[in-house]
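Subject: Structure handover

Hello,

Here is the structure I said I would pass on. My notes on it follow below.

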Amino acid sequence: KFSKTRAITLSKPVSHLGGAKCKHLLITPEHTQHDIAAYLRQNLVQYQHYNSQNRGTQEKFVEDLVKKAKGSFLWAYLVIKSLRSENSYESFFKAGQSMHSDVDGLLHKLIEKVDLKNPTTKHILEFMLAAKRPLRVGEMEDLLSVNLQKRTITPITDIGKHIASHCSIFVVERKGLIRFKHSAIRKFFKDELCGKTLLSIKEAH
């Protein structure tokens, strides 16, 4: 059936590309709902409030979340992180039931769990937002080691450990590069926090 297929390209919808021998397939929430359900089940098992329920209750919970995700893996990821803070069966399932299909709403809720008064965390985020490309670990360590107010240089090490313990919901260090976990997270920080909690892009430069 696919013997004549030469290439498969994933991108945002682009109607101007392709010809008679090119076929466009738009990926809809219906295409991804089973994968999102599998992702949710795989990650919800880490929570005792989910595991303590019968199979029917668990499946209904997952089914409701899949509908709210509307095909967004980012939304599903943020929901898993948000549910981590619930400390009772009632609050866990109530939180899941009250979730809205709004990524920015979840980001607002989760940013409250990050200590932006911690100078290292704050500066990491500001440097990431000001940079036009992902920074290497060594570059970030060099930037953080400079104290402009005191005019001193203090070597900084183990940035990966700091990220893992302070802002791993939003930031990841992989293969020597530090980046936001999703472009939508970067956009949220830029639109909602720059010039307020964080330095504006202009000030950061």
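I start with a strand pair: β4 (residues 171-174) and β5 (residues 177-180) run antiparallel and are joined by 4 bridges. Please keep in mind throughout that this is a predicted model. One of the residues to look at is valine 171, whose bridge partner in β5 is phenylalanine 180. The two strands, β4 and β5, form a hairpin, and 2 residues lie between them. In that turn, lysine 175 has a positive phi of about 55°.

The next item is a helix pair. Helix α7 covers residues 119-130 and helix α8 covers residues 137-145; their axes come within 11 Å and cross at roughly 120°. An angle from 65 to 115 degrees would count as roughly perpendicular and one over 145 as roughly antiparallel, so α7 and α8 are oblique to each other. The crossing in which α7 passes α8 is right-handed.

Which residues make the contact? On α7 they are Thr120, His123, Ile124, Phe127 and Met128. On α8 they are Met140, Leu143 and Leu144. Sorted by type, the residues of this contact of α7 with α8 comprise 6 nonpolar and 2 polar, with no charged ones.

Is glutamate 203 buried or exposed? Its relative accessible area is 53%, and the cut-off for exposed is over 50%, so glutamate 203 is exposed. Glutamate 203 and glutamate 126 are 77 residues apart in sequence, while their C-alpha atoms are 9.6 Å apart in space.

That is what I have for now.

Regards

Key:
Residues numbered from 1 in each chain as written. Predicted model: local features only at pLDDT ≥ 70, side-chain atom pairs only at ≥ 80, totals over all residues. Heavy atoms only, no water. Axes fitted to C-alpha atoms, helices over the stretch in contact; angles between N-to-C directions. Parallel < 35°, antiparallel > 145°, perpendicular 65-115°, else oblique. Left-handed = near helix turned anticlockwise from the far one by under 90°. Contact = heavy atoms within 4.5 Å. Nonpolar A, V, L, I, M, F, W, Y, C, P; charged D, E, K, R; others polar. Buried < 20%, exposed > 50% of the residue type's maximum accessible area, 1.4 Å probe, protein only. Pairing = 2+ DSSP bridges.
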